[in-house]
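Thanks for coming, everyone. Please have a look at the sequence and the model on the screen, and I will then walk you through a few places in it.

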Amino acid sequence: MTQDLDTLLTALYVKIDDSIRTPRWRGRPPLLTDSELVCLAVAQVLLGARSEAHWIRYAR
């Protein structure tokens, strides 16, 4: 099950990263890219997390 989830999230990230054009920034780079943030949000919905607190407990 874990390998299937890893594969799904990797494929999801690649698809999102190919679709999103990230603007260039000045100064320090962000801690998370737009693609990473969208991938986490989609994974949260797909895995059925009821709240942010539930998602953070699950993600650890």
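This is a predicted model: local features need pLDDT of at least 70, side-chain atom pairs count only at pLDDT 80 or more; totals for chains, interfaces and linings use all residues.

Let me start with L46, which counts as exposed because its relative accessible area is 55%; in these terms buried means under 20% relative accessible area, exposed means over 50%, and partly exposed lies in between, with a 1.4 Å probe and protein chains only. L46 is found in helix 2, which covers residues 34-46, where helices (H or I, at least four residues) and strands (E, at least two) are DSSP runs numbered from the N terminus. Together with L8, L47 and Y58, L46 forms a nonpolar patch on the surface, and the accessible area of these residues together is about 390 Å². Such patches are made of residues with over 30% relative accessible area and no salt bridge, with nonpolar side chains (Val, Leu, Ile, Met, Phe, Trp, Tyr) joined within 5 Å and like charges within 9 Å. A salt bridge, in turn, is a side-chain nitrogen of Lys or Arg within 4 Å of a carboxyl oxygen of Asp or Glu, and the accessible areas come from the Shrake-Rupley method with a 1.4 Å probe, where for residues only the protein chains shown count as cover.

Residues are numbered from 1 along each chain as its sequence is written, and side-chain values use heavy atoms, with hydrogens and water left out.

As for confidence, pLDDT is the predictor's confidence in each residue, from 0 to 100; the protein averages 84, and 95% of the residues score at least 70. Confidence is highest in helix 2, at a mean of 88, and lowest in helix 3, residues 52-59, at 81.

Now to the whole chain: how many helices and strands does the protein have? There are 3 helices and 0 strands. The radius of gyration is 13 Å, well over the 10 Å that the globule rule gives for 60 residues, so the protein is more spread out than a compact globule; this radius is taken over C-alpha atoms, and the rule is 2.2 Å times the number of residues to the power 0.38. Those C-alpha atoms fill a box of roughly 40 × 25 × 15 Å along the principal axes, and 15% of the 60 residues count as buried.

Let me turn to the loops. A49, in the loop between helix 2 and helix 3, is buried at a relative accessible area of 19%, and, leaving aside neighbours within four places in sequence, A49 is in contact with Q44, H54 and W55. G27, by contrast, lies in the loop between helix 1 (2-19) and helix 2, and G27 counts as exposed at 65% relative accessibility.

Finally, I56 sits in helix 3 and counts as partly exposed, because its relative accessibility is 44%; the C-alpha atoms of I56 and V45, 11 residues apart along the chain, are separated by 13 Å.

Methods:
Contact means heavy atoms within 4.5 Å.
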